[in-house]
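Here are a few notes to read alongside the model. Take them in any order, with the structure open next to you.

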Amino acid sequence: MELETQSLVRGLRRHDPELLDHLIGQYQFRLLRYLLYLTGRREVAEELFQETWIRVLERGSQYNGKAKFETWLFAIARHLAIDMLRRRKSPADTPASLDDLGDPGEGRAGFEPANPPGAALIDLLAAEEEGEHVRAALACLPAAYREVLMLRFQEDLQLEEIAAVTSAPLSTVKSRLYRGLAELRRQLEKDHGR
Amino acid sequence: MDDDSHERAERLIAQACVETISPEERAWLDQHIEECARCAGQSDATERALRSLRSVTVQLDPELVKRTQLMVRFRAQQLEGERAGMLPVWVCCTLSWILGIATAPLVWRGFEWLGQHAGVPSLVWEAGFVAWWLLPAIVAAALLALRRPESGRAGL
């Protein structure tokens with residue numbers, strides 16, 4: 001593992017395109033999923049996806065291997081997302097936090113239900129229906145809650161790693177997680193109750 | 001069962017998902033959930049929410065990955081070119097510093113001689129000597145500053 005990190009650090013420092021190709025392939029789903037959760041818009045997420053990898057190439061020498069690569073990658077993606085929204089908005093309504101990122105209602109097209117290979121048709125249909133509920137529930141959450149929920153429960157990042165990605169204190173991360181989880185549960189219950 | 005125990009159970013259910021709870025707390029929670037239908041429902045709802053959250057994935061356009069890989073390769077080539085282009089600048093700077101150090105006593109005497117013949121105060125020719133030393137660094141800095149805008153977001 002240590003060896004892998006060291007070769008990753010060396011490769012990034014050299015701007016090794018082969019390594020970058022490999023990393024793009026390896027982290028494609030996770031990065032796009034994170035950006036979709038963050039921005040709620042597919043076209044913005046795809047644009048940021050490309051910019052993030054260019055930034056990884058350009059700033060590769062700054063990665064020292066102390067943190068996990070994905071933590072560093074998500075932090076870059078997040079900074080770019082915030083920069084992009086600042087550029088697109090007028091200075092008067094620059095977002096103060098991720099809560100202002102994107103319109104949750106527009107994010108629905110970005111999320112797709114999981115279709116595990118080999119699953120029976122009934123399972124697929126159930127998963128699709130469940131995916132629809134989750135998409136709807138997630139779309140109702142503030143982006144800051146969506147972000148931490150996704151980093152914790154889909155990316156399985158530690159709380160400290162989430163704090164590093166979001167540049168937020170640990171206590172803020174925890175409170176966002178608790179509130180986000182409660183809100184998600186409420187939304188899902190509301191959806192199921194309909 | 002009092003309200004406090006329900007509140008504690010709710011808190012522990014959330015805490016068990018987000019952080020960790022001690023074995024004693026886990027044992028207490030399990031016991032409570034067995035006896036309390038309301039908290040059992042709460043626990044089930046939380047587990048369902050997490051399961052649902054984990055079931056969501058995204059569809060990715062393979063073209064996006066290919067496009068990104070191409071862009072990254074193109075930018076990597078640009079960076080390589082820029083790095084190679086900077087080599088002569090660094091070589092010149094290094095040579096200039098080496099020569100500067102080697103000839104410093106001679107240049108000092110030269111400035112001193114010129115200063116005395118021109119009849120200028122010693123502070124002036126000393127400042128001239130310092131400027132002579134700083135000149136290569138200033139030229140290199142100017143070259144770097146000129147190159148920066150073109151290397152910025154080119155190719156994106």
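1. A word on confidence first: pLDDT is the predictor's confidence in each residue, on a scale from 0 to 100.

2. Taken as a whole, chain B has an average pLDDT of 83, and 93% of its residues score at least 70. For the complex, the predictor reports an ipTM of 0.74 along with a pTM of 0.70.

3. Where should you be careful in chain B? Over residues 151–156 of chain B, pLDDT stays under 50. The model has 6 contacts beyond four places in sequence for that stretch. Where pLDDT is low, the predicted coordinates should not be read in detail.

4. Now to chain A. You'll find 8 helices and 1 strand there, and starting from the N terminus the order is α-α-α-α-β-α-α-α-α. Chain A has 194 residues, and 38% of them count as buried. If you take the contacts in chain A between residues at least 6 apart in sequence, 71% of them join residues at least 24 apart.

5. How do the two chains meet? On one side are 42 residues of chain A, in contact with 31 residues of chain B. Several elements of chain A give two or more residues to that side: helix 2, helix 3, strand 1 (112–113), helix 5 (121–140), helix 6 (143–153) and helix 8 (170–193). Helix 2 of chain A supplies the largest share, 10 residues. By type, the residues on the chain A side split into 24 nonpolar, 8 polar and 10 charged.

6. From chain B, have a look at helix 4 (residues 62–118). Its buried residues are B:T68, B:Q69, B:V72, B:R75 and B:A76. What do they pack against? The buried residues of helix 4 of chain B pack against helix 2 (17–39) and helix 3 (42–58) of chain A. Both of those chain A helices are also among the elements giving two or more residues to the side that touches chain B.

7. Stay with helix 4 of chain B and follow it along. There is a kink of about 60 degrees at B:A104, shortly before the proline B:P105. After the helix comes B:G119, which has a positive phi, near 70 degrees.

Definitions and conventions:
Residues are numbered from 1 along each chain as its sequence is written. Chains are lettered from A and ligands numbered from 1 in the order in which they are written. This is a predicted model: local features need pLDDT of at least 70, side-chain atom pairs count only at pLDDT 80 or more; totals for chains, interfaces and linings use all residues. The bend at a residue is the angle between axes fitted to the seven residues ending there and the seven starting there. Helices (H or I, at least four residues) and strands (E, at least two) are DSSP runs, numbered from the N terminus. A residue is buried if 20 or more other C-beta atoms lie within 10 Å of its own, exposed if 12 or fewer, and partly exposed in between; C-beta atoms are placed from the backbone. Two residues are in contact if their C-beta atoms, placed from the backbone, lie within 7 Å. Ala, Val, Leu, Ile, Met, Phe, Trp, Tyr, Cys and Pro count as nonpolar, Asp, Glu, Lys and Arg as charged, and the others, Gly among them, as polar.
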